[in-house]
Amino acid sequence: MADCRPVIVIPAYNPDARLKQLVETLLEDANDYQQIVVINDGSDEVTIFTDLENLASVTLLQHETNRGKGAALKTGFKWVKQHAESSIGVVTADADGQHLPHDILAVARAFKKEPAALWLGCRDFKSPGIPFRSWLGNTFARFTFRLGLRINVQDTQTGLRGVPTVLLPELIETSSNRYEFELDMLILAKRNDLQFRCLNITTVYEKGNKSSHFKPLQDSLRIYSKFLKFSGVGIASALIDYGLFALIYGFTGEILAAIAAARLCSGIFNFSMNRQWVFGRGGSLFRDATHYSLLAATLVAINYVLTKGLLLLGVSPFIGKPAAEIIVFLLSYRLQKKLVFRNKTPA
């Protein structure tokens with residue numbers, strides 16, 4: 001019989017006394033969760049973890065070296081699969097004081113009422129005092145996820161989440177091990193047609209956010225690497241596509257022939273680069289190539305209709321074609337992930 005309570009999973013790297021305070025406060029009200037699992041992700045200081053290990057209803061897991069937040073969460077998820085199979089899933093929380101006990105419990109209670117959804121404890125990025133890097137990172141992520149993947153959530157980077165059991169096996173198998181893991185979680189949830197639910201939580205930031213181990217440049221590049229790589233391949237493909245289109249259209253005056261020939265050449269380049277470098281191999285080469293060809297033909301038709309439509313409105317194909325490409329690019333990223341390379345877990 002399923003236990004309609006989640007397990008709380010807290011990854012921690014070099015935490016301070018706030019982690020112990022958080023756990024002790026949560027233990028005062030244990031009705032909304034089964035167990036608390038804390039993962040020591042290779043921290044230098046172990047005294048806090050020794051204290052936690054002696055607390056009832058707390059399980060401590062250890063990494064010998066620092067492996068990253070995503071790796072720590074996956075270790076917690078594996079424990080839940082093995083030791084708490086009756087649970088509805090996990091509630092993840094950070095160890096640095098950004099998630100207050102009452103908010104963690106509120107997410108757990110909401111999760112119990114709708115355990116098939118992915119719950120997000122969402123911060124208000126319009127409130128005063130939000131660090132600029134946090135506001136910028138979340139704004140960029142919301143924009144790209146909304147346009148490229150049609151994932152529309154208020155807070156893409158929150159670490160306070162209710163994660164359904166059905167999602168745990170795929171999350172454990174992902175190759176991402178650091179901060180990008182939490183964005184890959186959104187992609188997997190979307191791919192599995194899970195509903196996203198947002199619960200507003202208290203926005204807590206210390207001055208300078210000193211306790212955060214997030215490295216703005218390095219970790220941001222890692223988080224957005226797949227979309228940035230896709231964008232780079234898209235730009236190179238667009239240059240090839242537009243150059244050939246302009247050449248062929250200039251000689252023939254035929255829009256459809258120019259679009260089709262240019263897309264064939266740029267498509268071969270795009271498919272090869274995306275399969276090997278961006279998404280990784282999906283299924284067999286024949287399957288991927290077949291699905292990609294069908295998708296490319298559909299996108300060519302959309303491109304043609306848009307370019308022709310703009311021409312009828314008096315817009316030159318040399319201008320209308322790039323405008324149509326922007327729309328096709330956003331469709332292409334989403335559909336390639338969903339239809340062509342869907343068997344590949346997020347890199």
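The model is predicted. Helix 1 packs against helix 4 at an angle of about 50°, and the axes of helix 3 and helix 7 cross at roughly 60°.

**Helix 1 and helix 4**

- Helix 1 spans residues 17-27 and helix 4 spans residues 101-113; their axes lie 9 Å apart and the packing angle is about 50°.
- On the helix 1 side the contact is made by Leu-22, Thr-25 and Leu-26, and on the helix 4 side by Pro-101, Ile-104 and Leu-105.
- Sorted by class, this contact of helix 1 with helix 4 holds five nonpolar residues, one polar residue and no charged residues.

**The buried face of helix 1**

- Leu-19, Leu-22, Val-23 and Leu-26 are the buried residues of helix 1.
- Viewed down the helix 1 axis, these buried residues fall within an arc of 95°, so they line one face of the helix.
- In general, an α-helix has 3.6 residues a turn, so residues three or four places apart point the same way.
- The partners of the buried residues of helix 1 are strand 1 (7-12), strand 2 (36-41), helix 2 (47-53), strand 3 (58-63) and helix 4.
- Leu-22 and Leu-26 are among the buried residues of helix 1, and both also take part in the contact with helix 4.

**Helix 3 and helix 7**

- The axes of helix 3 (residues 69-83) and helix 7 come within 7 Å of each other, crossing at roughly 60°.
- Helix 3 is therefore oblique to helix 7.
- Helix 3 contributes Lys-69, Gly-70, Leu-73, Lys-74 and Phe-77 to the contact, and helix 7 contributes Phe-181, Glu-182 and Met-185.
- The residues in this contact of helix 3 with helix 7 divide into four nonpolar, one polar and three charged.

**Loop residues with positive phi**

- Asn-14 sits in the loop between strand 1 and helix 1.
- The phi angle of Asn-14 is near 50°, a positive value in a residue other than glycine.
- Asp-193 sits in the loop between helix 7 (180-191) and strand 7 (196-200).
- The phi angle of Asp-193 is near 60°, again positive in a residue other than glycine.

- Asp-241 belongs to helix 9 (residues 225-252).
- Asp-241 and Ala-262 are 21 residues apart in sequence, and their C-alpha atoms are 4.9 Å apart in space.
- Lys-308 belongs to helix 11 (residues 285-312).
- Lys-308 and Leu-256 are 52 residues apart in sequence, with a C-alpha to C-alpha distance of 9.0 Å.

Technical notes
Residues are numbered from 1 along each chain as its sequence is written. This is a predicted model: local features need pLDDT of at least 70, side-chain atom pairs count only at pLDDT 80 or more; totals for chains, interfaces and linings use all residues. Side-chain values use heavy atoms; hydrogens and water are left out. Axes are lines fitted to C-alpha atoms, for helices over the stretch in contact, and angles run from 0 to 180 degrees between N-to-C directions. Helices (H or I, at least four residues) and strands (E, at least two) are DSSP runs, numbered from the N terminus. Contact means heavy atoms within 4.5 Å. Ala, Val, Leu, Ile, Met, Phe, Trp, Tyr, Cys and Pro count as nonpolar, Asp, Glu, Lys and Arg as charged, and the others, Gly among them, as polar. Buried means under 20% relative accessible area, exposed over 50%, partly exposed in between (1.4 Å probe, protein chains only). The arc is that of the directions from the helix axis to the C-beta atoms. Angles under 35 degrees count as roughly parallel, over 145 as roughly antiparallel, 65 to 115 as roughly perpendicular and the rest as oblique.
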